[in-house]
There are 2 protein chains.
Amino acid sequence: MSEFLSRIRKKSLHKKVMEAEDTVRFFKNGMDLGWSGFTPVGYPKVVPLALADYVEKNNLQGQMRFNLFIGASIGQEVEDRWASLQMTDKRWPYQTGKVIQKQVNDGTVRMGDKHLSLYAQDLGYGYYTKGRGGGFDIGLVEASGITEDGSIILAGSIGAATEVIQFSDKLIIEINTAIPSFEGLHDVVMLEKPPHRKPYLISRVDDRIGTLHVPCDHDKIVAIVESRKPDKGRPLGPPDETSERIASNILDFFGDEVKAGRLPANLLPLQSGVGNIANAVVGGLVNGPFANLKVWTEVIQDTMLDFFDSGKLEVASATSLSLSEPGFERLYNNWDKYVDKVILRPMQVSNNPEPIRRLGVIAMNTPVEFDIYGHANSTLVGGSRMINGIGGSGDFLRNAALSIMHTPSTRPSKTDPTGITCVVPFATHVDHTEHDLDILVTEQGLADLRGLCPRERAREIIDKCAHPDYKPILTEYYERAEKDCFARGIGHEPHMLFKAFKMQESLATDGTMKIKNWD
Amino acid sequence: MSEFLSRIRKKSLHKKVMEAEDTVRFFKNGMDLGWSGFTPVGYPKVVPLALADYVEKNNLQGQMRFNLFIGASIGQEVEDRWASLQMTDKRWPYQTGKVIQKQVNDGTVRMGDKHLSLYAQDLGYGYYTKGRGGGFDIGLVEASGITEDGSIILAGSIGAATEVIQFSDKLIIEINTAIPSFEGLHDVVMLEKPPHRKPYLISRVDDRIGTLHVPCDHDKIVAIVESRKPDKGRPLGPPDETSERIASNILDFFGDEVKAGRLPANLLPLQSGVGNIANAVVGGLVNGPFANLKVWTEVIQDTMLDFFDSGKLEVASATSLSLSEPGFERLYNNWDKYVDKVILRPMQVSNNPEPIRRLGVIAMNTPVEFDIYGHANSTLVGGSRMINGIGGSGDFLRNAALSIMHTPSTRPSKTDPTGITCVVPFATHVDHTEHDLDILVTEQGLADLRGLCPRERAREIIDKCAHPDYKPILTEYYERAEKDCFARGIGHEPHMLFKAFKMQESLATDGTMKIKNWD
């Protein structure tokens, strides 16, 4: 028996095996599709690409459009291929890819983003596909196997795969034989609808509350297809100097909090977002003074393997193994070493306020910009251009014991290496409010906002986080706003509302946010 | 034995009894004080007023200033008296009162607001009084009695009284003999700090998980004072026509959701905010088709008593009995009828994402304004003038199964009866993001935002919610923004950022938001 067939342990399902091309007949223009996949791991590959080939060969661009509901991002070789062929109509709740991003912003693709924990739940509640009474026409799931009773053994991510399996009319399963079986890594909990929901009895990061496999009505499975395409993975460059300085500010802060008795010596479970700064923070922890650490997060990146190897990280819970190709090799080659220390959960559990608040997670994420009162923009450049989506940042930041956002204080514009300040008077878009965030950090310093009123926060943020080139500009904004608003008795959070975006206007016209004055 | 002494069942504490005036010596300028009290019920009265008398008589205005950490609002006779005597420095996290509001907005009082569930938790984590290592110098708590073992029997609210008792160095207890003992109404859970927090095992609204009394280290009690001042309460006028129409839109929507199978026939546990619209919604339910209903909310208002009397409401859980004086009379006169159906919980439980999400609460709250993409402002008029504070609106809206905000479509300006539109292009302040809200309602109609991308939301909100006078203005804004942003490939959420507040500018200069065009 082939490796592929041996992965389908329920033999009666062998008759559902077919080639990817043969699944094309299941798809019809306008369908609602649920896919597995998260940051881009565990997404279906051969079936979407076969469908894309079919559309291309038959010149069906624009005549085969679908609504895609996935956990988060998928590989660009699928995402952008579909977008290029005009196959993507709605797209929830997160995307990465040049073509898809362009289409989200030129009106071709109807994208929506929602806190990931709510998204997974609301999928199950039928909110996104109300037209058809909830659920999906077809669910497309990458798996690493099927058990004797027809349950699904997922692959390198869970995301919303559980809800996709639960709420799809038909299921197409891709068994990926280019990766080993991930059996043993998952802790599966299916969504119950209220009033029948039960507590998630997680009091420690490594508490298991579910099953290893996803229960599945196997009558819904219309096709099982072999995939030999490994996840593309997400490589990360080495941290730059700015990231290292931000990480250093955060690690110093952790030390101070432990000294003050507000954090235990082994800190609290850590969540860190994706990208260079998160990477640098984990790098700092690998070499830092803290031990017996735990991670409760959304994605596990390559540096987590170093973190495990350092002996300082005890356990990590996430919804996706967002590793690079060499990172996956390292995982596979040391499977026994890592497997007992890693738990993958559905995103409606990994990102759920319930365990995040109970465990007292320390959340760390990168915004596009934040303002002097502590509102942060994670999604829309200039208030209108979508980058990727809100992801889980709000799930974690709103519910953490310590909510931290970190960013370089400036970014380059086309003509000025510090032409864009990430500390602004008024955020052009708000994803995280002043009521959500405790700590803001740049390479310049760390602002501790806890217990401060808005006016104190403004002084602290400008003083600690702003780049020296922008401190005078931001200070002038604040002081003029304060004077004017106090005089009118409207100064709880002073603003010059009608001039609030003057720096952004200057960027648009002069290529830099360095304005001369606020007149 | 007097009624007062008989309420102090631990006899060894009788020696702590003193007159309110005698507690003045415990207070020193600059102290951090924790108080019981919530919307304005269960707050200390005689001790704060005795201290105010002392300050006034001795001309100590501005020389006796305190940082006040309370659950939410307290009676204006205390709040405004303290503010008038310049006794309030910091004030968290919510206030009502003309004098305090003025001082919050002219720079005299340093107020901060935070989601109430986070606030109570962060109080316990020591975030607001970092300077002294967390906790309070003195905790001031209104109680209805003390048990044989020195535990506290709270009064008509819990709020953050549990954290105040837990984390204060000294405690002063006011036993209110003008009200009956509230023993039996409370379900007390004390705050544990991570990593030692445990699940709140609430799967039904009436699940009890705690104790009737607040455990208390009675060595911390330095004074016990009798109070004979009943809560002032909060009277509510009859609903107006606009509120009735909003309520009717919401009830129709509930009916449709039940028909579609997305809500059970007895709906899901209801949370409703304070004020006229909330009142009208409850009024609608009293006369409506739904039965066997449950309420999981923050405050219980007078109309809830009608709701119980209708036989349609089974049980209500909250953190405060925010009744009017006649409402309290009605409660006291029918104690046995209501007592088994009402549970009071600490605000870090009533407002906690954990039970709210699990129970699938339907959340309904009133904003100052919302914008065409579904961001809502609950706190700051014109982006800078504080009204009361965010309260629990974010706790409920972010975690509900259905998140609903309701407001009249317009409010009067000084010169124009519809001079202010509550549906704006760009919210002047964001407390609730586009990722948080499902449904927006005005007397004009109901916008169902679930599953819509931002551009679809804009069309839906303008169409369903905006006042006819403002529909053309908002439509022109949206269409010009869309055209411009699509052309530049930045149109996921189209805005004319540099003109976004033109309607507010018009209000400031011309007394109405009805602008002629967007040039």
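Buried area is the accessible area (1.4 Å probe) that two parts lose on being put together, summed over both. In this predicted model, domain 1 and domain 2 of chain A bury about 3700 Å² between them. Between chain A and chain B the buried area is about 7400 Å².

This is a predicted model, in which local features need pLDDT of at least 70, side-chain atom pairs count only at pLDDT 80 or more, and totals for chains, interfaces and linings use all residues. Residues are numbered from 1 along each chain as its sequence is written, chains are lettered from A and ligands numbered from 1 in the order in which they are written, and side-chain values use heavy atoms, with hydrogens and water left out.

**Domains of chain A**

- Chain A splits into domain 1 (2-227) and domain 2 (242-454); the bounds come from an automatic or database domain assignment.
- The C-alpha centres of domain 1 and domain 2 of chain A are 27 Å apart.
- Contact (heavy atoms within 4.5 Å) links 50 residues of domain 1 of chain A to 43 residues of domain 2 of chain A.
- Carbon and sulfur atoms carry 62% of the area buried between domain 1 and domain 2 of chain A.
- On the domain 1 side of chain A, the most area is lost to domain 2 by A:Leu185, A:Tyr200 and A:Val205, together 21% of what that side buries.
- A salt bridge is a side-chain nitrogen of Lys or Arg within 4 Å of a carboxyl oxygen of Asp or Glu. Domain 1 and domain 2 of chain A have one salt bridge between them.
- A:Asp187 and A:Arg345 form a salt bridge, with their closest N and O atoms 3.1 Å apart.

**Chain A against chain B**

- The contact takes in 88 residues of chain A and 89 residues of chain B.
- Carbon and sulfur atoms give 55% of the area buried between the chains.
- A:Arg357, A:Arg398 and A:His435 supply 11% of the area that chain A buries against chain B, more than any other three residues.
- There are 10 salt bridges between chain A and chain B.
- A:Lys130 and B:Asp448 form a salt bridge through their side chains, at 3.4 Å from N to O.

**A sheet in chain B**

- Strands (E, at least two residues) and helices (H or I, at least four) are DSSP runs, numbered from the N terminus. Two strands pair if DSSP finds at least two bridges between them.
- Three strands of chain B form an open sheet with mixed pairing, in the order β17-β16-β23. Strands β17 (376-377) and β23 (423-424) of chain B are at the edges with a single partner strand each, so one side of each has no neighbour in the sheet.
- β16 (residues 369-371) of chain B pairs with β17(B) in the antiparallel sense, over two bridges.
- B:Phe370 stands opposite B:Ala376 in β17(B).

**A:Val46**

- A:Val46 belongs to helix α2 (residues 46-57) of chain A.
- A:Val46 counts as buried because its relative accessibility is 14%; buried means under 20% relative accessible area, exposed over 50%, and partly exposed in between (1.4 Å probe, protein chains only).
- Leaving aside neighbours within four places in sequence, the contacts of A:Val46 include A:Ala20, A:Glu174 and A:Val225.
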